[in-house]
Amino acid sequence: MYKISSFTPLFFEPSTDVGAPSRYVQIFSPNDRILLQVFAYNESSQPSVFILDEVAGYMFTVNMMSWKMNSEQTLYFTEITALNNGIYSVEVNGVKSEVFRITDDISGTVLLQYSNPNNKMRNDAVFWVDGMQYFFDFRIPGGFKDDEWVFGVDNEQYTTSLNDVIDIYSIDNVQKTLTLGSSIGCPVWYAELLNRSLCCSYFYVDGIRYSRVDSNVPEMNVLVEGIRSYVFKQAIRRVLSLNPTIENNNRIIMRRVDDSLYRNIDSGKFKIIGYDR
């Protein structure tokens, strides 16, 4: 039996719901790395994987790497990248994904990258293979709006005998809302994967690390009744206390070590603290 990782940023299970499908076509940059993982259970051969060029009408075989997880389970994986601009789909053992577009025009999108510090936290994805860490790249339509910032503070105060209020400690914070979906919306599975990716310890939006606010989940907004296309809102907060060793390693793996293309190092202020993983 073969099973595609639920963290893979491609959609292989089309909706059976009634109504018109979303017109949004998934976008990736030629520089994004689409990490495809397939689990094989008690199988002696690797899965057959093809990339189909939907415009030219041809397909080519994808050579999968393998990693033996245990006596019964093997991981097959590859990173799809550097494709020419065009419309593509991926086929795994006869199961075809939704089409996606490779384009240099990535305006109106942000890149989500997510991983975990080990393989113990999930059984539906592998983040470390033979000591090497992997990040999933998931490009989504949307981003942050300035009018959806929420300012907050974590503090404790006391009142003096003269009725003055004094801070014992005070730490400010900013909660942002990540908007998922363009003016024409996006399919519901985008929110499913966003919610799943936020369960990872390392979650980045365009190279900046964030985390979920409390137990907040994507909030659905229906654009047009009867059309399976939606806009979602997700509350997140930036992570400011960072382990320098972990962050430096993550930036290298995410290809954010120079200012080339859109792989920019964050120039904002953040606090680096030292502690063991």
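User: How many aromatic pairs does the structure hold?

Analyst: This is a predicted model, in which local features need pLDDT of at least 70, side-chain atom pairs count only at pLDDT 80 or more, and totals for chains, interfaces and linings use all residues. Residues are numbered from 1 along each chain as its sequence is written, and side-chain values use heavy atoms, with hydrogens and water left out. Rings of Phe, Tyr and Trp (its six-membered ring) pair if their centres lie within 6.5 Å, and planes under 30 degrees apart count as stacked, over 60 as edge-to-face and the rest as tilted. By that rule, the number of aromatic pairs in the structure is 17.

User: Why is the pair of phenylalanine 7 and tyrosine 114 called tilted, rather than stacked or edge-to-face?

Analyst: A pair of aromatic rings is described by the distance of the centres and the angle of the planes. The centres of phenylalanine 7 and tyrosine 114 are 6.1 Å apart, and the pair is tilted because the planes stand at 45 degrees.

User: Which parts of the chain does that pair tie together, and how many residues apart are they in sequence?

Analyst: Strands (E, at least two residues) and helices (H or I, at least four) are DSSP runs, numbered from the N terminus. Phenylalanine 7 belongs to the loop between β1 (2–4) and β2 (20–21), while tyrosine 114 belongs to strand β12 (residues 109–115), so the separation in sequence of the parts tied together is 107 residues.

User: Is phenylalanine 7 buried or exposed?

Analyst: Buried means under 20% relative accessible area, exposed over 50%, and partly exposed in between, with a 1.4 Å probe and protein chains only. Tyrosine 114 has 0% relative accessibility and counts as buried. Phenylalanine 7 has a relative accessible area of 0%, and therefore is likewise buried.

User: What is the angle between the planes of phenylalanine 7 and phenylalanine 136?

Analyst: Phenylalanine 7 is buried, as is phenylalanine 136. The ring centres of phenylalanine 7 and phenylalanine 136 are 6.0 Å apart, and the pair is tilted because the angle between their planes is 35 degrees.

User: Which residue has its charged end over the ring of phenylalanine 144?

Analyst: A charge sits over a ring if NZ of Lys or CZ of Arg is within 6 Å of the ring centre and within 35 degrees of the ring normal. Here the charged end is 5.5 Å from the centre of the phenylalanine 144 ring, and it belongs to lysine 176.

User: How many disulfides does a search of the whole structure find?

Analyst: A disulfide is a pair of cysteine sulfur atoms within 2.5 Å. A search of the whole structure gives a count of 0. Cysteine 186 is in no disulfide, its nearest cysteine sulfur being 18 Å away, in cysteine 199. For cysteine 200, also in no disulfide, the nearest cysteine sulfur is that of cysteine 199, at 7.1 Å.

User: Which residue forms a salt bridge with arginine 255?

Analyst: The closest N and O atoms of this salt bridge are 2.5 Å apart, and the partner of arginine 255 is aspartate 137. Arginine 255 lies in the loop between α2 (244–253) and β24 (271–272), and its partner lies in strand β15, so the pair ties together parts 118 residues apart in sequence. Both residues are buried, arginine 255 as well as aspartate 137.

User: What is the relative accessible area of glutamate 247, which forms a salt bridge with arginine 209?

Analyst: The closest N and O atoms of glutamate 247 and arginine 209 are 2.9 Å apart. This pair links helix α2, which holds glutamate 247, to strand β19 (residues 208–212), which holds arginine 209, across 38 residues. Arginine 209 counts as buried because its relative accessibility is 14%. Glutamate 247 is also buried, and its relative accessible area is 3%.

Methods. A salt bridge is a side-chain nitrogen of Lys or Arg within 4 Å of a carboxyl oxygen of Asp or Glu.
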